[in-house]
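Colleague: I'd like to learn how you decide what to call things in a model like this. Can we look at it together?

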Amino acid sequence: MTRLSTGIEDFDKLIEGGIPEGFLVALTGEPGTGKTIFSISFIYEGLKEGDIGIYVTTEESRDSIIKQAKQFNMNLEDYLDKKLIIIDALMKEKEDPWSINEVTPEEMVQKVIEAKQKLGYGRARLTIDSISAFFLDKPAMARKISYYIKRVLYKWKFTILITSQYAITTSQAFGFGVEHVADGIIRFRRVIKDGMLHRYVNIEKMRQTNHDKYVWEIDIKPGKGLVLLGKLNERREDYSLPRKTMEHIRKSNQDEI
Ligand SMILES: Nc1ncnc2c1ncn2[C@@H]1O[C@H](COP(=O)(O)OP(=O)(O)OP(=O)(O)O)[C@@H](O)[C@H]1O
Ligand SMILES: [Mg+2]
């Protein structure tokens, strides 16, 4: 089986060397936990290896992705329109051929296929960041939409990362069902401990892989990107929300019902 490096060497070791070719993997987690930076690394690593890269961005502009990448010494501009297309679903500029106007799964998939045709043959990586934008007003459609995307794009031999947001109040992935369709789930989280923001990652699922089961603390470093700091050998309470906060959330949810 061919495995694709994520561009984060230490992370690759947790999944037997990388993401199996052809997989659709969900990156899920709260805001600011590293999903976009992980996605950029994955695409950039592909470009360095000669792969085609297609990046669909829905919540940040193309420029924002390019600027963010540059801060980690990943120069996406070198590959733009040759090996890389960034499909911008935010700016919706009419004269931009790689922007989408209607944020629908059908239009997005169509653009991705056009981009692939433009870039030509060869192994291809695709990131959809984030998938949540396609079912914002209809979270119940999440599974159906994810399945549609997987089914249609499968033929095009992409290895796909999709990011999805996590509702901190309920600890439920926004748009139930993405995770069942996905071949793998990489879960990002954050917590305030000792007055400081800590971020973590763990692999919740990776089909056909004897993956690591630990929670790892991560950091995002200028010039470097996402790095693994170490394993978390502590109790669950240490990385979930404080008990009092959870009680408060549960109570206010009940009040609403
Ligand atoms: N140059 C940098 N140096 C250090 N840390 C940075 C740098 N740029 C961004 N970060 C950190 O990365 C975070 C953003 O990470 P990222 O965009 O991957 O989050 P995300 O999980 O995609 O969030 P969202 O769901 O909101 O899109 C910032 O909030 C900041 O903490
Ligand atoms: Mg993001």
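Predicted model: local features only at pLDDT ≥ 70, side-chain atom pairs only at ≥ 80, totals over all residues.

Colleague: What makes E217 and H198 a contact?

Modeller: Two residues are in contact if their C-beta atoms, placed from the backbone, lie within 7 Å. H198 is on the contact list of E217, so that pair meets the cut-off.

Colleague: Where is E217 found?

Modeller: E217 sits in strand 11, which covers residues 215–221. The C-alpha atoms of E217 and F188 are 9.7 Å apart, and these two residues are 29 residues apart along the chain.

Colleague: Why is E217 called partly exposed?

Modeller: Count the other C-beta atoms within 10 Å: E217 has 16. Buried takes 20 or more and exposed takes 12 or fewer, with partly exposed in between. The 16 of E217 falls between those limits, so E217 is partly exposed.

Colleague: And what makes N73 exposed?

Modeller: N73 has 11 C-beta neighbours inside 10 Å. Exposed means 12 or fewer, so N73 counts as exposed. You'll find N73 in the loop between helix 3 (62–70) and strand 5 (84–88).

Colleague: What is the phi of N73?

Modeller: About 60°, a positive value, although N73 is not a glycine. E16 is another residue other than glycine with a positive phi, near 55°. E16 lies in the loop between helix 1 (9–14) and strand 2 (19–20).

Colleague: Why does E16 count as partly exposed?

Modeller: E16 has 16 C-beta neighbours inside 10 Å.

Colleague: Which peptide bond is cis?

Modeller: The one from D129 to S130, with omega near 5°. S130 is in the loop between strand 6 (124–129) and helix 5 (142–154).

Colleague: How many residues surround ligand 1?

Modeller: There are 14, and the closest are P31, K35, T36, I37 and Q71. Helix 2 (residues 35–48) gives the largest share of that shell, three residues. By type, the shell divides into five nonpolar, seven polar and two charged residues.

Colleague: What does the whole protein chain come to in helices and strands?

Modeller: Seven helices and twelve strands. Buried residues make up 39% of its 257 residues.

How values were computed
Residues numbered from 1 in each chain as written. Chains lettered and ligands numbered in written order. Helix = DSSP H or I, 4+ residues; strand = E, 2+ residues; numbered from the N terminus. Near = placed C-beta within 6 Å. Nonpolar A, V, L, I, M, F, W, Y, C, P; charged D, E, K, R; others polar. Lists of a residue's contacts leave out its neighbours within four places in sequence.
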